[in-house]
Amino acid sequence: ESIPDDSTGAGSSGRIVHRALELMRTDFQQRSWRAFWLTAVEDRPPAEVAEALGMSVAAVWQAKSRVLRRLRQELGGLAEG
């Protein structure tokens with residue numbers, strides 16, 4: 001999956017999230033990243049993603065949670081500044 005550009009009108013915050021996701025992507029195993037992407041970005045049902053990736057539904061939720069937690073950590077300093 002490619003990370004969408006900022007053509008949706010999200011402005012500078014969209015560009016920041018886009019860049020953070022680009023930088024974080026290599027920190028996760030490919031299957032975990034796909035589980036996150038398919039559920040969080042493409043809004044596919046966790047059961048469908050689990051079946052497609054050969055994971056349990058719980059593992060899909062855990063992968064999504066890990067990536068989102070990391071994203072919040074990466075962007076946390078922005079909210080404080």
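1. A polar contact is a pair of N or O atoms within 3.5 Å, where within protein one atom must be able to donate a hydrogen and the other to accept it. In this predicted model, the side chain of Thr39 reaches the backbone oxygen of Ala35 at 2.7 Å. Thr39 belongs to helix H2, residues 30–41. Its relative accessibility is 5%, so Thr39 counts as buried. Leaving aside residues up to four places away in sequence, Thr39 touches Arg44, Pro46, Val49, Val60 and Lys64.

2. Confidence should be read alongside these details. The mean pLDDT of the chain is 85, and 79% of the residues score at least 70. Confidence in the chain is highest in helix H3 (residues 46–53), at a mean of 98, and lowest in helix H1 (residues 11–24), at 82.

3. The aromatic pairs number four. In one of them, Trp33 and Phe36, the ring centres are 5.1 Å apart and the planes stand at 55 degrees, so the pair is tilted. Both residues lie in helix H2, three residues apart, about one turn of the helix. Trp33 and Phe36 are both buried. Together with Phe28 and Trp37, they form one aromatic cluster.

4. The largest nonpolar core has nine residues: Ala20, Leu21, Met24, Phe28, Trp33, Phe36, Trp37, Val67 and Leu71. Helices H1, H2 and H4 (57–80) are the elements that give two or more residues to this core. Another core, of eight residues, lies apart from it and includes Ala35, Leu53, Met55 and Ala63.

5. Salt bridges number five in the structure. One of them joins the side chains of Arg19 and Glu22, at 3.2 Å from N to O. Both residues are in helix H1, three residues apart, about one turn of the helix. Arg19 is partly exposed at 46% relative accessibility, and Glu22 is partly exposed at 36%.

6. A salt bridge also links the side chains of Asp27 and Arg70, at 2.8 Å from N to O. Asp27 lies in the loop between H1 and H2, whereas Arg70 is in helix H4, so the pair ties together parts 43 residues apart in sequence. Asp27 is partly exposed at 43% relative accessibility, and Arg70 is partly exposed at 23%.

7. The side chains of Glu48 and Arg44 form a salt bridge at 2.6 Å, N to O. Glu48 is partly exposed, with a relative accessible area of 37%; for Arg44, also partly exposed, the value is 26%. Elsewhere, salt bridges that share partners join Asp27, Arg70 and Glu74 into one network.

Key: Residues are numbered from 1 along each chain as its sequence is written. This is a predicted model: local features need pLDDT of at least 70, side-chain atom pairs count only at pLDDT 80 or more; totals for chains, interfaces and linings use all residues. Side-chain values use heavy atoms; hydrogens and water are left out. Helices (H or I, at least four residues) and strands (E, at least two) are DSSP runs, numbered from the N terminus. Buried means under 20% relative accessible area, exposed over 50%, partly exposed in between (1.4 Å probe, protein chains only). Contact means heavy atoms within 4.5 Å. pLDDT is the predictor's confidence in each residue, from 0 to 100. Rings of Phe, Tyr and Trp (its six-membered ring) pair if their centres lie within 6.5 Å; planes under 30 degrees apart count as stacked, over 60 as edge-to-face and the rest as tilted. A nonpolar core is a set of buried Ala, Val, Leu, Ile, Met, Phe, Trp, Tyr and Cys residues joined through side-chain atoms within 4.5 Å. A salt bridge is a side-chain nitrogen of Lys or Arg within 4 Å of a carboxyl oxygen of Asp or Glu.
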